[in-house]
Amino acid sequence: MEKKYYEEYYTLERTNWWFKVRNRILMERVAAIANGRTDLKILNIGAGTGRTTELLQAFGEVTSVEYDAYCVAFIRDKLPFEIQEGSILELQFPDRSFDLVCAFDVIEHVEDDGLAVREMKRVCREGGSVIVSVPAFQFLWSHHDVINHHHRRYTMSGLKQLFSSNHANGRPKGNIVYTTYFNTLLFPPVAAFRLIAEWLPKKLIRKGTGADNHVVPEGSPVNRMLEGLFGIERPLLRGGLRFPFGVSAMLVYRM
């Protein structure tokens, strides 16, 4: 990532409609996994500018890993917790070290996502869980994916196959226990925007690094409206609904 990206990303993670609701949805799933526990040993891979680590601390002791050295230095100056520099492809932890391993919008950034999955499984304890979120559907590929250095977007069938076929050496096979797409209600306008933006790149002006998150200004009525619309999905997911499509996908794997 570009240095400027992390400076902007720090604010976006805490104010942008997509980040705010995505994080609430993810933490509600983590709460279901934790089942009342607040003493979990948690690994947060691709911690970025630290917002997910702040939220995960409600469930236990969080170890944060981030690949980009500048981002690590940036967060060490910003937030009162340690963040380690490291790669999801070579996690510097012993086997079976963590109760919960998280990778929120991370594995799309690495070419060898199979190795990433094997490493996450390797460091997860028996009975523990691995939770990931990813961007969905390759036809939504756009300038936003390029700016974010993505290698791919996923279908749910592809994500399930990835977890089913990549087993850590010497570990018993676990099970996929939860899957859903999300950001479904806003799927039509998001898809339309992505497609139009690719056809007319000079007609659409993005602020900052050029990621889609900059299109809606923070604190604007539109930002609040999108937060409210996306937020409708939270009680539906809590109630057991699983969306058949969406801009993002989530999977939980139990070791």
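The following questions and answers concern a predicted model.

Biologist: Are helices H2 and H9 roughly parallel or roughly antiparallel?

Modeller: Helix H2 covers residues 17-34 and helix H9 covers residues 221-231; their axes come within 8 Å and cross at roughly 25 degrees. Angles under 35 degrees count as roughly parallel. Therefore the arrangement of H2 relative to H9 is roughly parallel.

Biologist: How many residues of the contact of H2 with H9 are nonpolar?

Modeller: H2 contributes Trp 17, Trp 18, Lys 20, Val 21, Arg 22, Arg 24 and Ile 25, while H9 contributes Asn 223, Leu 226, Glu 227, Phe 230 and Gly 231. Of the residues in this contact, four are charged and two are polar, and the number that are nonpolar is six.

Biologist: Which element gives the largest share of the largest nonpolar core?

Modeller: The largest nonpolar core has 77 residues, and those with the most contacts inside it include Leu 43, Ile 88 and Leu 159. The largest share of this core is nine residues, and they come from H2.

Biologist: Which residues does Leu 159 touch, not counting residues up to four places away in sequence?

Modeller: Leu 159 is one of the residues with the most contacts inside the largest nonpolar core. With residues up to four places away in sequence left out, Leu 159 touches Ile 107, Val 132, Val 134, Tyr 154, Ala 249 and Leu 251.

Biologist: What is the phi of Arg 96, which is not a glycine?

Modeller: Most residues other than glycine have a negative phi. Arg 96 lies in the loop between strand S3 (83-85) and strand S4 (98-104), and is partly exposed with a relative accessible area of 36%. Although Arg 96 is not a glycine, its phi is positive, at about 55 degrees.

Biologist: Where is His 149 found?

Modeller: His 149 is a residue other than glycine with a positive phi, near 60 degrees. His 149 is also partly exposed, its relative accessible area being 41%. Its place in the chain is the loop between helix H6 (143-147) and helix H7 (156-165).

Biologist: Does Asp 99 count as buried or exposed?

Modeller: Asp 99 lies in strand S4. Among the residues that Asp 99 touches, not counting those up to four places away in sequence, are Arg 37, Lys 41 and Cys 124. Buried means under 20% relative accessible area. The relative accessibility of Asp 99 is 15%, so Asp 99 counts as buried.

Biologist: How many Å apart in space are Asp 99 and Ser 129, C-alpha to C-alpha?

Modeller: Ser 129 is one of the residues touched by Asp 99. The two are 30 residues apart in sequence, and from C-alpha to C-alpha their separation in space is 6.4 Å.

Note on methods. Residues numbered from 1 in each chain as written. Predicted model: local features only at pLDDT ≥ 70, side-chain atom pairs only at ≥ 80, totals over all residues. Heavy atoms only, no water. Axes fitted to C-alpha atoms, helices over the stretch in contact; angles between N-to-C directions. Helix = DSSP H or I, 4+ residues; strand = E, 2+ residues; numbered from the N terminus. Parallel < 35°, antiparallel > 145°, perpendicular 65-115°, else oblique. Contact = heavy atoms within 4.5 Å. Nonpolar A, V, L, I, M, F, W, Y, C, P; charged D, E, K, R; others polar. Core = buried A, V, L, I, M, F, W, Y, C linked by side-chain atoms within 4.5 Å. Buried < 20%, exposed > 50% of the residue type's maximum accessible area, 1.4 Å probe, protein only.
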